[in-house]
Amino acid sequence: MTDRLTPAPKPTPAPRTVWQDDHYTVLVDEPLGIVWNVRTSRPFASVEELEAVKATLCRVLDGLGRSRYALLVDVRAAPGRNDPSFEAALERIRPRWLRGFRRVGVLVQSVVGAMQIQRYARQDGIERLITTDEAALLRYLTEAG
């Protein structure tokens, strides 16, 4: 009897970084069809800085071809902030940021974070899965439909 070696599975390429600044990293995982927006822990110094960063982020996402991808927003490291001017700016920005993807999912650190994102979803009407479970989020984002 001879031993047959089973070839090792081909490694999946790591997502590639397509843009990064002090607040976000944008990664593309082509095999999974997912664009990651990973938030850093650096707070925005002002609403103007928030608006400028999000405008650039939106241009980067536009250049990728949104409809080809699902969007995974990882806000686990994001500092909490809910002052009225910041909230108003986010309400204006969110539709431009999140629309056009096949699916949207948000990865949060805590129940409090999930509650804030759920409130945003009610405000802007953009369907998204909000969870602390990265594996469940990846399953949702890669499902057909």
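Reader: How many helices and strands does the secondary structure of the chain come to?

Author: This is a predicted model, and its chain comes to 4 helices and 6 strands. Read from the N terminus, the elements follow the pattern β-β-β-α-β-α-β-α-β-α. The C-alpha trace spans about 75 × 30 × 30 Å along its principal axes.

Reader: In what order do the strands of the open sheet lie?

Author: Strands of a sheet pair through backbone hydrogen bonds, and the pairing is either parallel or antiparallel. Here 6 strands form an open sheet in the order E1-E2-E3-E4-E5-E6, and the pairing is mixed. Strand E1 (16–20) and strand E6 (129–131) stand at the edges with a single partner strand each, so one side of each has no neighbour in the sheet. On average, neighbouring strands of this sheet are turned by 20° against each other, direction ignored.

Reader: Do strands E4 and E5 run parallel or antiparallel, and how many bridges join them?

Author: Strand E4 (residues 70–74) and strand E5 (residues 104–107) run parallel and are joined by 4 bridges. Val-73, for instance, has Val-106 in E5 as its bridge partner.

Reader: Which strands do H1 and H4 lie across?

Author: H1 lies across E1, strand E2 (24–29) and strand E3 (34–39), and runs at about 10° to E2. Helix H4 (residues 134–142) lies across E3, E4, E5 and E6, at about 175° to E5.

Reader: At what angle do H2 and H3 pack?

Author: Two packed helices are described by the angle between their axes and by the distance between those axes. For H2 and H3 the angle is about 70° and the axes are 10 Å apart. Angles of 65 to 115 degrees count as roughly perpendicular, and H2 and H3 are therefore roughly perpendicular to each other. In this contact, Glu-87, Leu-90, Glu-91, Arg-94, Pro-95 and Leu-98 of H2 meet Gln-116, Arg-119, Tyr-120, Gln-123 and Asp-124 of H3. By class, these residues divide into 4 nonpolar, 2 polar and 5 charged.

Reader: What volume does the largest pocket have, and which residues are the closest to its centre?

Author: The largest pocket has a volume of about 480 Å³. Its lining comprises 27 residues, of which Val-75, Ala-78, Gln-116, Ile-117 and Tyr-120 are the closest to the centre. Helix H1 (47–64), helix H2 (84–98) and helix H3 (111–124) each supply at least two lining residues. By class, the lining has 16 nonpolar, 5 polar and 6 charged residues.

Conventions
Residues are numbered from 1 along each chain as its sequence is written. This is a predicted model: local features need pLDDT of at least 70, side-chain atom pairs count only at pLDDT 80 or more; totals for chains, interfaces and linings use all residues. Side-chain values use heavy atoms; hydrogens and water are left out. On a 1 Å grid over the protein atoms alone, a cavity is a set of points where a 1.4 Å probe fits but cannot get out, and a pocket is an open set with protein on both sides within 12 Å along at least five of seven lines; lining residues have an atom within 4 Å of a point. Grid points are joined across faces, edges and corners, and a volume is the space filled by probe spheres set on the points. Ala, Val, Leu, Ile, Met, Phe, Trp, Tyr, Cys and Pro count as nonpolar, Asp, Glu, Lys and Arg as charged, and the others, Gly among them, as polar. Two strands pair if DSSP finds at least two bridges between them. Axes are lines fitted to C-alpha atoms, for helices over the stretch in contact, and angles run from 0 to 180 degrees between N-to-C directions. Contact means heavy atoms within 4.5 Å. Angles under 35 degrees count as roughly parallel, over 145 as roughly antiparallel, 65 to 115 as roughly perpendicular and the rest as oblique.
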